[in-house]
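Please take a moment to look over the sequence and the model before reading on.

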Amino acid sequence: TNEKCYRKEFITVFGSPVDENPTVVIMDAAFEALGLDWIYNAFEVYPQDLETAVQSIKALHMKGANCTIPHKVAVMKYLDHISDAASIIGAVNTIYLKDGETYGENSDGKGFTKALEEEQIPITDKNYVLLGAGGAAKAIAVELALAGAGKITVVNRSRERGEDLVELLRAKTPVKADFVLWDHSYELPADTDVLINCTSIGLYPDTSSPDLVYDSLRPNMVVCDVIPNPPQTPFLTEAQNRGCHTLNGCAMLVNQGAINIKLWTGLDAPRDIMKAALLKEFQ
Ligand code: NDP
């Protein structure tokens, strides 16, 4: 008998636009290191086709998928199950198939908290300042809050989005949360433990930095950026120049991918290999 299996497991990312999504780089590196002959490929999916795309996960017995712009919120209504954190965040970036049913998870914020853990930075009872209140900020804020953060200050340019995030944190998590309207050069409170840029400021080809009083950064603060490309943003350089411990957006992206790999394969992801592949791609 021929027991060879010619079928390859398939994982995809649904997005639009999706051509420039670099996730395949870390997934290919991970699959190779794990000895899995799996395929990861992006699919351009328009909003009106999202339901069909999600149904195809079941129909084609795919292991799962990632969801990116503009589908992270809309996809939720097509899934059989949503994790508690993803339902608080109100967005799903990862889908996995289990016993024929689709499960939605949000690994963006968990990737960030994992990256802090990797650097042995304790989360509990610390004071966080988040710049931005969009999807990345929301995912990070909710996971920090669920992991026991002491206080989260949301600094955002538009009042409505910032206040909405603070209200969500107060209503759904035990964290203390405050909003600051970002209409001035923001000075960090001296008791800040961790500052995180969750805006798109500094994303290639933008070379600008968030509007802060940089001399209010102190060497005991941890400063993080969600921007993965370039890994070393001018914002992080400003922080390093003032003696801060910094964490770049690649760490979050890789840890997010590692969480997804665990969900899809059950295996521990080779994070160092994934990180090296990503840094090589963005160098
Ligand atoms: P959103 O569009 O949902 O939110 C963008 C946020 O940035 C908003 O709060 C917006 O403020 C703020 N913002 C944008 N430009 C400016 C500016 N010039 N001045 C002040 N505030 C500004 O985006 P996402 O949250 O989805 O993504 C943000 C970034 O996070 C992206 O660059 C993405 O690459 C990165 N990301 C990284 C991940 C990783 O794993 N490393 C994962 C997910 C995202 P306002 O409300 O006023 O418009």
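Does Asp99 count as buried or exposed? This is a predicted model, and in it Asp99 has a relative accessibility of 74%, so it counts as exposed, since the cut-off for that word is over 50%. Asp99 is found in the loop between β5 and β6 (101-105), and its phi is near 50 degrees, a positive value in a residue other than glycine. Asp125, in the loop between α4 (108-118) and β7 (127-131), also has a positive phi, of about 65 degrees, although it is not a glycine. With a relative accessible area of 61%, Asp125 is exposed.

Other loops hold cis peptide bonds. One of them joins Ser16 and Pro17, with omega about 0 degrees, and Pro17 belongs to the loop between β1 (10-15) and α1. The bond from Ile69 to Pro70 is cis as well, with omega near 5 degrees, and Pro70 sits in the loop between β3 (64-67) and β4 (81-82).

Asn93 lies between α3 (84-89) and β5 (94-98), and, leaving aside neighbours within four places in sequence, its contacts include Ala65, Asn66, Cys67, Glu105 and Gln256. Phe235, by contrast, has its place in helix α7 (residues 234-241), and because its relative accessibility is 1%, Phe235 counts as buried. Among the residues that Phe235 touches, not counting those up to four places away in sequence, are Leu131, Leu195, Pro210, Tyr214 and Val223.

We can now turn to how two helices meet. Two packed helices are described by the angle between their axes and the distance between them. The axes of helix α1 (residues 23-34) and helix α9 (residues 271-282) come within 8 Å and cross at roughly 140 degrees, and the crossing is right-handed. On the α1 side the contact is made by Val25, Ile26, Ala29, Ala30 and Ala33, while α9 contributes Ile273, Met274, Ala277, Leu278 and Glu281. Of these residues, 9 are nonpolar, none is polar and 1 is charged.

Finally, which residues come nearest to the ligand? Of the 21 residues around the ligand, they are Ala133, Ala136, Asn156, Ser158 and Val226. A polar backbone atom of Val226 is 2.8 Å from a nitrogen atom of the ligand. An oxygen atom of the ligand is 3.0 Å from an N or O atom in the side chain of Arg161, and a ligand oxygen atom is 3.4 Å from a polar backbone atom of Gly134.

Notes. Residues are numbered from 1 along each chain as its sequence is written. This is a predicted model: local features need pLDDT of at least 70, side-chain atom pairs count only at pLDDT 80 or more; totals for chains, interfaces and linings use all residues. Side-chain values use heavy atoms; hydrogens and water are left out. Axes are lines fitted to C-alpha atoms, for helices over the stretch in contact, and angles run from 0 to 180 degrees between N-to-C directions. Helices (H or I, at least four residues) and strands (E, at least two) are DSSP runs, numbered from the N terminus. A crossing is left-handed if the near helix is turned anticlockwise from the far one by less than a right angle, and right-handed if clockwise. Contact means heavy atoms within 4.5 Å. Ala, Val, Leu, Ile, Met, Phe, Trp, Tyr, Cys and Pro count as nonpolar, Asp, Glu, Lys and Arg as charged, and the others, Gly among them, as polar. Buried means under 20% relative accessible area, exposed over 50%, partly exposed in between (1.4 Å probe, protein chains only). A residue is near a molecule or strand if one of its heavy atoms lies within 4 Å of it. A polar contact is a pair of N or O atoms within 3.5 Å; within protein, one must be able to donate a hydrogen and the other to accept it, and residues adjacent in sequence count only if both atoms are side-chain atoms.
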